[in-house]
Every structure is written in C-alpha cells, then in structure tokens.
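Me: I've got a new model open and I'd like to learn how to read its fold. Could you walk me through it?

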Amino acid sequence: MTLVTATERPARGAPRAERDRRPSGHGAWFLVLPALIPILVLSVGPLLYGILLAFTDAQSGRTRATQWIGGLNFQDLLHDTLFWESFRIGLVWAVGVTVPQFLLALGLALLLDQDLKLRWLARALAIIPWAMPEVVVGVMWRLVYNPDAGVLNETLRTLGLGDGRDWLSGLSTALPAVIVVGVWAGMPQTTVTLLAGLQNTPRELHEAAAMDGAGAWRRFRTVTWPALRPVALAITALNFIWNFNSFALVYVLTSGGPGGRTRLPMLFAYEEAFRYGQFGYAAAMGLVMVAVVSVLLALFLVGRLTDRTGGDTA
C-alpha cells in the first residue's frame, strides 16, 4: 500500500486559484490601454484622417470650406505622368536597394557566423550604420560625394582615375549614388536578422553534411539556405516595403533632384502637400501608396501560407 503525503498530493485548488488571479475583461483592457492609446492617436487616427482627406479638395490658405469631391483626386492621379514617373523611380530604388542589400548582408552574416578572432568587435562595427539617424547618414554621404573636397573624388584623383564629378547633381549618377547610400544604411539590419537565423541552424546538420563529404557550397544549399529561407523572405519583403516608402535619406541627399531623377513617391506627395498646398491630392497619393504596399504585403503572406501548406503536405 502506497502512502501519499501532503506534499505529494495534487493541489486541487491550484487551477481555480490561477483563474482567480487572472485579470477580468475590464482589467485586461485597462492594462492594454497605455500601449493602445499611442497607436490609435499616432497611427490609426492619422491614417483614417488621411483617407478622408483624399476624397476632398483640401488646400492650404483657402478661405472657403473644404468640399467633398469623391474620386476626382484619383482620376487626376491616373493622368499625372509625373506621379507615375516617381512611382517608377520608387520601384527602381526599392529593387536597387533591396537586392544588393540582401546579398551583401548575407555574405557578411555568413562571415560573422564563423569562429573568427575579434568577432565581437566586427559585429559591433557592422551595426554602426543602423545606429545612425537617416539625417546624419545623409549629411555624411553628402560630404563623401562633395565634388570639390569629397573623399570619393579625392580618392579617384589620387589613383589617377579622373578629376571626379558631381555625383548627386548628375542626371545619370544621382540615382545610383543614392542607391549606394541606401544599401549601406540598411545592410546592418538585414545582417543582424540573417545572423540570428544562421545561429538558430543546428550545428549537428552541418557536421553531418561535412562528414558525408559535402563542400561549403553544398552545405549552404542543402542545410543553411533551407533553414534561413523563411527569415530571408520575411526580411526581404519588409526591406522592400521600407525602401519603397523611404523619405528622409533621399530628401537630405538630393531633395528629389536633379530634374526629378530621385523623386520618390513619398517625396512627390510631400512636395504636393507642403510646397504647393494640395493636401487632398497628396492624401490621395498616400492612399495609393498604402494600397500598393498592402497588396505587396498580402501577396507575401499568401506566398508564405502557400509555401508552408505545401511543406506540411509534403
């Protein structure tokens, strides 16, 4: 016969006590409100106001009341060649920054994942651009691209590769020069994310593949990439959306010039609102960009769900 002591006997009242300690519905809302109120005031509220503004003829300095005009702003957008040109430039910018950003960050993450001397120092130096505000990055790179005393032109002159040029004012060089800055500024975030994914890959898989005679490329293709693929897809999609909506970095570097060659959609909407006072028209542009980003995000989520469902079925 087995004796059960008081300490071994299951506490029947524990689940009920835990339920009693759980906050009620009103208490849970009270705990959530401090985080919910800033989101509603600073994000949801302006978004709803912008959507409403897109269907009006709101302008700055008007003496008469703003009127509801329905979809006239969107009809004007369909025939606005300057807006669609900025949209094309925005896509070129987003792809031109996101793709090299990912490839370089992947190579750097693979390097930082190795057992190297002073690896901690290399990791710290790699995230320095991420810690710098975009305005500071823009000012710094304006100095680098300075046509008279910039580091880039001085280096080219020293190497005998020419007298340099005005990189940010040239019609053919402005956008590539800005893309280089975008890649440099955003690469640390991608590197840190990919490095975290690499460190979550079981080392036993690499050791087993190495014992089977797999080389470095084969181990990357069969072990590293399958484990890293979900993280890579997520960070690439987020980077594309973030880059498409860029404003501060390009504004500091070129303000959309020269000749509109670096005028991204956000810059175009900013000029319409705060330079020309067309608030309703600018809000319509912003709503179109939100719709585009939402479609891209929906396509990404559908692709992820389809991929996961297919993987589970297999």
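This is a predicted model: local features need pLDDT of at least 70, side-chain atom pairs count only at pLDDT 80 or more; totals for chains, interfaces and linings use all residues.

Me: What percentage of the residues count as buried?

Reply: Out of 314 residues in the protein chain, 32% count as buried, which here means under 20% relative accessible area.

Me: How do I read the nonpolar core, and which residues have the most contacts inside the largest one?

Reply: The general idea first: in soluble globular proteins, nonpolar side chains tend to be buried together. In this model, the largest nonpolar core holds 40 residues, and Trp93 and Met285 have the most contacts inside it. Two or more residues each come from α4 (81-112), α7 (134-144), α9 (174-199), α11 (216-244), α12 (248-253), α13 (265-274) and α14 (279-313). Another core lies apart from it, with 14 residues that include Leu106, Leu195, Ala232 and Ile235.

Me: Let's zoom in on Trp93. What does Trp93 touch, beyond residues up to four places away in sequence?

Reply: Its partners are Val178, Ile179, Gly182, Asn243, Ser246, Leu249, Val250 and Leu264.

Me: Now helix packing. At what angle do α9 and α11 pack?

Reply: Look at the angle and the axis distance together. For α9 and α11 the angle is about 155°, and the axes are 9 Å apart. Angles over 145 degrees count as roughly antiparallel, so α9 is roughly antiparallel to α11. Their crossing is right-handed.

Me: Which residues meet there?

Reply: From α9 you have Gln189, Thr190, Thr193, Leu194, Gly197 and Leu198, and they meet Thr224, Leu228, Val231, Ala232, Ile235 and Asn239 in α11. By type, the residues of this contact are six nonpolar, six polar and no charged.

Me: How does α10 pack with α11?

Reply: Helix α10 (residues 203-211) packs with α11 at about 150°, with axes 10 Å apart. That makes α10 roughly antiparallel to α11, and the crossing is right-handed. Leu205, His206, Ala209 and Ala210 of α10 make the contact with Arg219, Val223 and Thr224 of α11. This contact of α10 with α11 divides into four nonpolar, two polar and one charged.

Note on methods. Residues are numbered from 1 along each chain as its sequence is written. Side-chain values use heavy atoms; hydrogens and water are left out. A nonpolar core is a set of buried Ala, Val, Leu, Ile, Met, Phe, Trp, Tyr and Cys residues joined through side-chain atoms within 4.5 Å. Buried means under 20% relative accessible area, exposed over 50%, partly exposed in between (1.4 Å probe, protein chains only). Helices (H or I, at least four residues) and strands (E, at least two) are DSSP runs, numbered from the N terminus. Contact means heavy atoms within 4.5 Å. Axes are lines fitted to C-alpha atoms, for helices over the stretch in contact, and angles run from 0 to 180 degrees between N-to-C directions. Angles under 35 degrees count as roughly parallel, over 145 as roughly antiparallel, 65 to 115 as roughly perpendicular and the rest as oblique. A crossing is left-handed if the near helix is turned anticlockwise from the far one by less than a right angle, and right-handed if clockwise. Ala, Val, Leu, Ile, Met, Phe, Trp, Tyr, Cys and Pro count as nonpolar, Asp, Glu, Lys and Arg as charged, and the others, Gly among them, as polar.
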